[in-house]
Amino acid sequence: MSNSYSGTESPWRSISGVNAGYIMEQYELYQESPDSVEPELAELFRLYGAPVQPGTSQQQAEAPQGNTQKVLAAVRLAEAIRTYGHLAADLYPLNDHERDTSRLELSSYGLSEQDLREIPAALLLGDQAGNASDGLEAINYLKSLYTGTIAYEFSQVANQDERGWIQSKIESGALKPSLSAEDKKALLERITHVEGFEKFIHRTFVGQKRFSIEGLDTLVVLMDELIRQSNEQQTENIMIGMAHRGRLNVLTHILHKPYEMMFADFAHVPNDSFMPEDGSLSLSKGWFGDVKYHMGAAYQSPQGTKIKMAYNPSHLEVVSPVVTGKTRAAQEDTSRPGKPQVDAKKAFAILVHGDAAFPGQGIVTETMNYSGVDGYKTGGSVHIIANNTIGFTTEAYDSRTTRYASDPAKGYETPVVHVNADDPEAVLAVARFAVEYRAQFNKDILIDLIGYRRYGHNEMDEPLVTNPLMYHKVHEHPTVREVYGRVLSESGVLTADDVQSIDQSVLKEMQEAYDRVKEVKQEAAVEGEIPEAVLDGYPELDTGVGEERLRQLNEELLSWPSDFAPFKKLARILKRREEPFNGKGKVDWAHAETLAFGTILQDGNPIRMSGQDVQRGTFAHRHIVLHDENSGEELIPLHHISGSEASFSIYNTPLTETAILGYEYGYNVENQKALVIWEAQYGDFANMAQVMFDNFISSARAKWGQKSGLVMLLPHAYEGQGPEHSSARLERYLQLAAENNWTVANLSSAANYFHILRRQARMLGEEAMRPLLIVTPKSLLRHPLVGAAPEQLAEGKFETILENPATGQDADKVERLLFASGKMAIDLVERVKDGAGFEKVHIVHIEQLYPFPVEKVKAIIDRYPKIKELAWVQEEPRNMGSWTFAESYLRELAGKKKVSYHGRVKRSSPAEGDGEAHKVEQSRILDSALGIKK
Ligand SMILES: Cc1ncc(C[n+]2csc(CCOP(=O)(O)OP(=O)(O)O)c2C)c(N)n1
Ligand SMILES: [Mg+2]
């Protein structure tokens with residue numbers, strides 16, 4: 001360290017502002033322990049004593065203005081390098097972005113090299129001062145770290161410790177790997193395989209889409225290193241979510257799907273004979289299939305780490321929440337009562353995004369928004385933007401407002417690391433940084449891997465048509481294999497011939513793999529078969545629990561610790577849940593739900609429930625989490641019931657549907673024994689998550705063989721609240737219903753709700769499991785006609801249809817059968833009261849709409865010899881609700897009998913805006929259905 005202070009002149013004269021704070025801090029440390037600060041600083045403290053506080057009279061009197069200004073300027077420059085170094089960094093392989101060095105010029109700060117030489121490095125580098133011998137070296141050192149092929153953005157991070165950690169990680173200089181010649185050769189070989197795989201397919205399977213990785217080849221290197229580093233942290237599960245680009249390459253190189261299997265897929269011949277025999281790879285597929293770049297895989301490494309690539313639809317970014325949900329499930333131990341135990345070390349997610357998709361798709365920020373929320377956090381995802389600076393034909397200026405594709409992440413205080421994909425060694429450094437950061441702070445981190453795209457969007461597109469300037473550059477640009485090969489030959493690690501011969505041997509390896517594939521006989525494409533357990537539908541399961549067990553459970557749920565004081569009025573309401581067990585009143589909807597949950601936990605299935613405000617319930621009905629009025633402490637009675645064998649969790653969610661539903665789906669795919677329930681605030685809000693229903697929940701089994709038993713609750717009913725809170729848009733789910741893909745129910749009975757939940761839980765983990773959609777009540781939650789006597793829960797099973805006991809008594813009189821579900825059925829029942837005057841009709845509740853209970857309906861029709869008409873009654877307009885779905889079943893069952901419709905006429909909006917108009921219309925529908933003429 002050069003000492004610029006001559007004679008006995010105090011060096012503290014030139015300290016002020018930011019430095020002063022730092023020096024004071026160091027001095028305090030020095031006072032505690034002289035060894036804890038840099039030796040140079042310790043020496044200064046020894047010689048000159050305590051640093052003088054800025055602004056003291058001594059400093060004002062003594063500080064020659066010039067010196068202080070220079071030190072301040074140097075500090076500002078150092079900070080500018082840290083904050084704005086990325087603007088000047090060498091990040092773009094095509095060199096097509098201007099590098100802005102204006103904030104980093106010495107002249108902009110009135111500094112000369114000589115000025116800097118006179119400033120101690122410690123003032124600019126703090127703890128890392130050992131890396132430079134004076135201020136000039138310190139500045140150059142910082143420039144090399146912050147403006148090279150790696151650049152950092154972390155000024156968005158507010159936490160001081162975190163910033164300090166990041167800064168010292170970078171400035172310690174320890175991130176860059178020290179690679180032996182062997183390591184470097186292995187790295188080149190890896191890159192050659194990545195490129196070779198694409199080149200081989202390009203030449204061999206001309207014109208077939210593969211969404212080549214080329215231009216971002218080092219994505220594989222990045223993943224290799226993330227996995228290697230995480231092995232050091234003993235991570236057991238690595239969950240990958242990624243879109244089309246480079247997916248095949250990652251499948252073969254990271255998931256170890258053999259080249260032969262990949263080539264067999266391209267050659268359209270069976271690939272099964274090439275499946276590794278050691279059981280390390282698992283693949284699943286559905287009976288209807290999907291294109292090869294949507295398929296997933298799971299690989300178990302010899303060290304026991306499981307790497308899973310999630311199956312993925314074309315819709316960009318929607319897989320991210322699914323993968324975070326899978327990750328959380330892999331982190332949780334749900335085998336004990338209470339909250340599940342979460343261990344973030346057990347699993348982490350790598351989410352690969354496109355540079356157009358990341359800032360463009362809102363689901364990305366929905367996913368990042370919950371990354372620190374209790375029910376959703378996974379200890380930090382590693383996000384990678386596979387940034388080829390283009391989306392299809394759209395360049396960055398049309399893709400986003402922000403400078404970087406990664407900018408939205410900054411809102412979540414996520415550190416961002418940009419790296420030039422043409423520098424494989426820098427890519428290794430970045431991977432290391434990401435894994436260490438996650439382990440340290442359990443937060444998301446983003447790596448912006450910047451490369452280019454060698455071909456068009458797919459290999460058949462001609463990019464020169466739309467992006468000529470970019471593609472003239474691409475065509476002149478060597479591949480990263482060539483770039484790194486040159487680096488190694490110039491530094492004497494390998495000769496140019498070695499580089500060439502590695503390439504040749506990789507292509508030979510590919511050719512040999514393909515030769516083996518050529519021996520496989522072509523087979524006529526056959527559609528897979530639907531598993532029998534799915535075709536058969538759910539068995540009729542007895543789901544009663546015995547009254548004594550239910551009574552005891554009920555008591556336990558209502559016995560809170562004596563010092564726990566929930567809001568008094570609520571306590572009184574809840575205590576009323578004792579009454580049905582004493583022969584008074586009925587078990588209402590929410591009560592039945594809690595009892596079902598308790599019994600399911602006792603049977604050993606964990607439960608995870610989520611949705612907006614679900615703990616209380618949108619309609620203030622659930623109250624599954626109690627709050628002590630004085631201390632605010634929470635109590636979940638379901639955590640304390642006897643005989644529970646599994647965890648229970650319930651989360652009020654952030655205000656999003658898409659990402660949360662995707663997360664819960666992913667969670668359930670990974671933990672198939674868990675009863676996972678998501679509730680929409682009102683049923684129609686589920687349409688915000690339409691993509692999850694279409695592309696995962698309803699179809700994943702047929703496409704990918706991916707099972708789930710997710711339960712979705714959709715509050716619904718026409719109660720005069722206007723167009724948006726009435727309809728759960730049931731028609732959408734019925735339209736997607738086929739091949740027993742899920743169960744769709746619109747229930748009118750708390751007992752049936754109890755039994756359908758228990759039936760669902762019983763099927764979890766079985767071949768027959770499938771998702772369940774339940775249209776649930778609003779005003780009917782506490783309705784006596786919906787409530788259940790305890791014995792209805794204690795015995796019996798889920799009934800796909802219910803009949804109104806007050807109608808249809810005299811079989812010879814019934815002429816019209818009325819079919820309705822949910823609240824519509826209850827409205828009919830209320831209207832006919834004891835049935836007097838309504839002998840000609842009988843009311844049948846269709847509780848399960850899909851699979852449609854054809855046999856049961858037929859048995860009822862057969863019971864009434866005089867039937868002339870089957871009438872479908874619904875609240876929704878004719879073009880909505882269940883009518884268009886049910887009509888074909890009714891017509892088939894009706895034979896020559898009339899089939900009629902009673903509901904709203906066709907409408908573009910689901911319900912009238914005016915409450916009074918609603919009443920008139922509702923009454924007209926009932927009159928029409930019941931044949932009441934006015
Ligand atoms: C939700 C959605 N909208 C549109 C598309 C059609 N599409 C497929 S790829 C693509 C461009 C993606 O660009 P980017 O995110 O940069 O990924 P890249 O292909 O460059 O890797 C588009 C618009 C899609 N797949 N998903
Ligand atoms: Mg792109």
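## Overall architecture

Of the 934 residues of the protein, 49% count as buried. The model is a predicted one. Its C-alpha atoms occupy a box of roughly 115 × 75 × 50 Å along the principal axes.

The secondary structure consists of 35 helices and 27 strands. When contacts between residues at least 6 apart in sequence are considered, 81% of them connect residues at least 24 apart.

## Domain organisation

The domain assignment divides the protein into four parts. Domain 1 covers residues 11-148, and domain 2 is made of the segments 181-333 and 341-518. Domain 3 runs over 547-794, and domain 4 over 803-930.

## The contact between domains 3 and 4

A distance of 27 Å separates the C-alpha centres of domain 3 and domain 4. Across their contact, 26 residues of domain 3 meet 28 residues of domain 4.

On the domain 3 side, the elements that supply two or more residues are helix H28 (723-726), helix H29 (730-735) and strand E20 (743-746). Strand E20 contributes the most, with 4 residues. The composition of this side of domain 3 is 14 nonpolar, 11 polar and 1 charged residues.

## The nonpolar core

The largest nonpolar core contains 252 residues. The members that touch the most other members of this core are Val430, Leu449, Ala592, Leu818 and Leu828.

Ala592 may be examined in more detail. Leaving aside residues up to four places away in sequence, Ala592 touches Val587, Ala750, Ala751, Tyr753, Phe754, Ala788 and Leu793.

Ligand 1 is surrounded by 14 residues. The closest of them are Arg245, Gly354, Ala356, Ala357 and Gly391.

By class, the shell around ligand 1 comprises 6 nonpolar, 6 polar and 2 charged residues.

## The setting of Arg46

Arg46 belongs to helix H2, which spans residues 39-48. Is Arg46 buried or exposed? Arg46 counts as exposed because it has 10 C-beta neighbours inside 10 Å, and the class of exposed residues extends to 12 or fewer such neighbours.

Pro34 lies 12 residues from Arg46 along the chain. The C-alpha atoms of Arg46 and Pro34 are 9.2 Å apart.

Definitions and conventions: Residues are numbered from 1 along each chain as its sequence is written. Chains are lettered from A and ligands numbered from 1 in the order in which they are written. This is a predicted model: local features need pLDDT of at least 70, side-chain atom pairs count only at pLDDT 80 or more; totals for chains, interfaces and linings use all residues. A residue is near a molecule or strand if its C-beta atom, placed from the backbone, lies within 6 Å of it. Ala, Val, Leu, Ile, Met, Phe, Trp, Tyr, Cys and Pro count as nonpolar, Asp, Glu, Lys and Arg as charged, and the others, Gly among them, as polar. A nonpolar core is a set of buried Ala, Val, Leu, Ile, Met, Phe, Trp, Tyr and Cys residues joined through C-beta atoms within 7 Å. A residue is buried if 20 or more other C-beta atoms lie within 10 Å of its own, exposed if 12 or fewer, and partly exposed in between; C-beta atoms are placed from the backbone. Two residues are in contact if their C-beta atoms, placed from the backbone, lie within 7 Å. Domain bounds come from an automatic or database domain assignment.
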